[in-house]
Amino acid sequence: MRDKFLRWGVVLLIITWAISLLIRAHYWIPILLTVIYMVGVYNANQTKHAILRNFPVLGYFRYFFESISPEMQQYFIERETDGKPFPRNERSAAYRRAKNLSDTVAFGTQLNINHRKYEGIKHSIYAKSPKEELPRVMVGNEQCSQPYSASLFNISAMSFGSLSDRAQISLNRGAKKGNFYHNTGEGGISPYHMEGGDLCWQIGTGYFGCRDEEGKFSAELFAEKSKIPNVKMIEIKLSQGAKPGHGGVLPGSKNTPEIAKIRHVTPGMTIISPPSHSAFSNAAGLLKFVQQLRELSGGKPVGFKLCIGDTKEFEEICAQMNVLKIYPDFITVDGAEGGTGAAPPEFSDGVGMPLEPALMFVNKTLKSYNVRNKLRVIASGKVLTSLDILRAIAMGADMCNNARGFMFSLGCIQALRCNNNTCPTGVATQDKMLIKGLDVTDKAERVYHFHKNTLHTCNELIAAAGRDSYDQVDASMFMRGDEFDQLADLYFPDILGNVKNRN
């Protein structure tokens, strides 16, 4: 194709130039063809891109269609139950709830409910009337002097930098109106988190917002910022589900003076978040750090977030709780299916324990060490729908955090561009032109309605199951498709048994 392009391209140029000169008109045609031919000649001789080297002009179509692949997938290929990480029907439900529209669907389910993976709730003949009051959970044990009454459903960690300023303002205003908390993410407390909503301040391995010049934890800076009235809880991030055991990188090009001021780093400098904390190196050190933060903050609830990996390490933390008599106020369990703006595919796809088995393990382990009643367990990781929330509670969680659902409420279309600064909705980008498309007033209302309507559906579900409160939500509420397979084996005889015996 390259040789044909070079050979016949020259012939075409000579003919078009000759005709244009002869009729003395339409010079723009040969000029355009000349530019295209010169680009093709360059591509035919470059060595970086094999496609463009072999197809000097047509090769660009490949890159164009690749760039719009997620949109093509969504608009022309996906069915209602397709789409990753969230199918279209779940995204649509989030959009409708955020817009405060009817979230009903027509003509029945599109799911294959006769499949082993089906999960449903056992409704009761004696269903209750759903409560209007949205559920809340008290966080803070006897070692905490400022316990916090949290919503059952809250905004998970998303830093300013990964999300735009307008996205953070919208989330915080929605949290204020709905009376639920907004996790800052490990990037620190920005001015855009200060719109009146409650905050859970996340402290990561980079100690952004409370670090000294060497990147170590600064007790003085932490004590100062933790006293902010909006800060209701403090979360130590040990790991996150999308990339457990992997440190983050803030490129120098994204380290603007504004972000550098918030994070207490040097502008323009590439900042690396270590994979682990420098303030402690073992279970005892972690718990002592929890106690230190609790004292520095004036007694506010302090906990830690982790994705379960080596189970022995978590068991050691539980054992040290009883040895040191130091108990965190909460533990946030992030599943391997959790999201992030950017992570190596091997970490997203192959590291960490999924949320459901992780919750069951954490709950069982805490009970075995007699510390389950000392703290709250928060589920984080793809907890989007009301059914997801109840399933997490049944597996051992007291409350739930979610990030991508609230991004949907801001207008996120799952374009899968969070890592390249080109989010088309202005949510996960720092591009000022794209950010302008996000209207704060409208999106704050959508954040509020998404939270409210999701929890209202939770109330309807537990009422349909005949439960009076969330304390009665457990695994017995649920049924799974593999149970149906076993039931079918009991009622339907193995009619092929005789055939097998004859053979």
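Rings of Phe, Tyr and Trp (its six-membered ring) count as a pair if their centres lie within 6.5 Å; planes under 30 degrees apart are stacked, over 60 edge-to-face, and the rest tilted. Select Trp201, Tyr207, Phe217, Phe222, Phe280 and Phe289: these residues form one aromatic cluster.

The model is predicted, with local features needing pLDDT of at least 70 and side-chain atom pairs counting only at pLDDT 80 or more, while totals for chains, interfaces and linings use all residues. Residues are numbered from 1 along each chain as its sequence is written, and side-chain values use heavy atoms, with hydrogens and water left out.

**Aromatic pairs**

The count of aromatic pairs comes to 14. Go to Tyr95 and Phe408, an edge-to-face pair at 5.9 Å centre to centre with 75 degrees between the planes. Tyr95 is in helix H6 (residues 88–98) and Phe408 in helix H15 (residues 404–410), 313 residues apart; helices (H or I, at least four residues) and strands (E, at least two) are DSSP runs numbered from the N terminus. Tyr95 is partly exposed at 22% relative accessible area, whereas Phe408 is buried at 3%. Buried means under 20% relative accessible area, exposed over 50%, and partly exposed in between (1.4 Å probe, protein chains only).

Next select Tyr207 and Phe289, also edge-to-face, at 6.5 Å centre to centre and 75 degrees between the planes. Tyr207 is in the loop between S6 and H8, and Phe289 is in helix H10, 82 residues away. Tyr207 is buried at 0% relative accessibility, and Phe289 is buried at 3%.

**Helix H8**

Select residues 219–226, helix H8, whose buried residues are Leu221, Phe222, Ala223, Lys225 and Ser226. They pack, by contact (heavy atoms within 4.5 Å), against strands S6 (198–203) and S7 (231–237) and helices H9 (257–263) and H10 (283–296).

**Nonpolar core**

A nonpolar core is a set of buried Ala, Val, Leu, Ile, Met, Phe, Trp, Tyr and Cys residues joined through side-chain atoms within 4.5 Å. The largest has 95 residues, and Leu359 is among those with the most contacts inside it. Not counting residues up to four places away in sequence, Leu359 touches Val333, Val377, Ala379, Ala392, Met395 and Ala397. Apart from this core lies another, of 6 residues, including Ile169, Tyr192, Ile259 and Val440.

**Positive phi**

Last, select His264, in the loop between H9 and strand S9 (271–272). His264 is not a glycine, yet has a positive phi of about 60 degrees. His264 is partly exposed, at 32% relative accessibility.
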